[in-house]
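Subject: Structure handover

Hi,

Here is the structure for you to pick up. My notes follow below it.

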Amino acid sequence: FRSKDFTRYEGDYRTLRQEVPQTADVVFVVEEKPCNKDAAAQLSKIVNDLEKALRKAGLADNQFAFVGYGGIGVHGPPHVHTAQGQVFAESRRSVLAIDSLDFSSFGQNDVLSAVKFAADLPYRVGASKTVIVMSCMECNPVFMKTNYANINQLLLERDISLHLLHE
C-alpha cells in the first residue's frame, strides 16, 4: 500500500493517534410479524429513550439502523430499512426507517441470519456497536442457516454487543 504520506507492506501495522470517538452505532433487528406490531409501535420511544441514556453516559453523535426479517416476500430474508437512503441515521430521522417496517404476514424466522446480516453493516470505526433483537416468535432451529456458536464468535471478533428485547 502506498500513499504520499507513508508506505505500508503486508504485515505492517500503524497505530492511529486520534481520540477514540465517544459514539454508538445501534442496530435493531426486528422480526416483521403481526405479533411484533404492538412492540414495534413503541420503537420510536425506545430509540429516543436510548439516545437520552447514551448521551447521559457521554456518548454523542449516535446512529441507529433497522434490519427486518421474518415477513413475506422482500420482508422475509434479512434486509435494511433506510432513512432517506441511509443505513444509519440519528435518532430524529430513524422514524423514517421505523415507518417502513411491515408487520402484515408470517414467514420464516431465521433470527441468526438476521443478526449476521446486522453484524455486516457498515459500522463507524471506533464506535460502540450494539445489536438489539426484537423477536416475537419462538426460535426454531429448523429455520436456522447457522448456529449460535458461529454468530457468537462473529460478534466477539467484531466487538458487537447483542441484546434481546422481548415481551
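At what angle do the axes of helix 4 and helix 5 cross? The answer is roughly 15°, with the axes coming within 10 Å. Please keep in mind that this is a predicted model.

**Helix pair**

Helix 4 covers residues 111-119, and helix 5 covers residues 148-157. Angles under 35 degrees count as roughly parallel. Helix 4 is therefore roughly parallel to helix 5. Their crossing is left-handed. On the helix 4 side, the contact is made by Leu112, Val115, Lys116 and Ala119. Helix 5 contributes Tyr148, Ile151, Leu154 and Leu155. Sorted by class, the contact has seven nonpolar residues, one charged residue and no polar ones.

Five of them form an open sheet in the order 3-2-1-4-5. The pairing is mixed. Which strands stand at the edges? They are strand 3 (79-81) and strand 5 (160-165). Each has a single partner strand, so one side of each has no neighbour in the sheet. From one strand to the next, the twist averages 25°.

Strand 4 (residues 128-134) and strand 5 run parallel, joined by six bridges. Ile132 stands opposite His163 of strand 5.

Helix 2 (residues 43-56) packs on this sheet. It touches strand 1 (24-31), strand 2 (63-69), strand 4 and strand 5. The direction of helix 2 makes about 160° with that of strand 1.

**Disulfide**

How many disulfides are there? The count comes to one. Cys35 and Cys136 form it, with their sulfur atoms 2.0 Å apart. The torsion about the S-S bond is about 45°, so this disulfide is right-handed.

Where do the two cysteines lie? Cys35 is in the loop between strand 1 and helix 1 (37-41). Cys136 is in the loop between strand 4 and helix 5. The pair therefore ties together parts that are 101 residues apart in sequence.

**Recap**

- Helix 4 and helix 5: crossing at roughly 15°, left-handed.
- Sheet: five strands, order 3-2-1-4-5, mixed pairing.
- Helix 2: packs on the sheet.
- Disulfide: Cys35 with Cys136, right-handed.

Over to you.

Best wishes

Technical notes: Residues numbered from 1 in each chain as written. Predicted model: local features only at pLDDT ≥ 70, side-chain atom pairs only at ≥ 80, totals over all residues. Heavy atoms only, no water. Axes fitted to C-alpha atoms, helices over the stretch in contact; angles between N-to-C directions. Helix = DSSP H or I, 4+ residues; strand = E, 2+ residues; numbered from the N terminus. Parallel < 35°, antiparallel > 145°, perpendicular 65-115°, else oblique. Left-handed = near helix turned anticlockwise from the far one by under 90°. Contact = heavy atoms within 4.5 Å. Nonpolar A, V, L, I, M, F, W, Y, C, P; charged D, E, K, R; others polar. Pairing = 2+ DSSP bridges. Disulfide = S-S within 2.5 Å.
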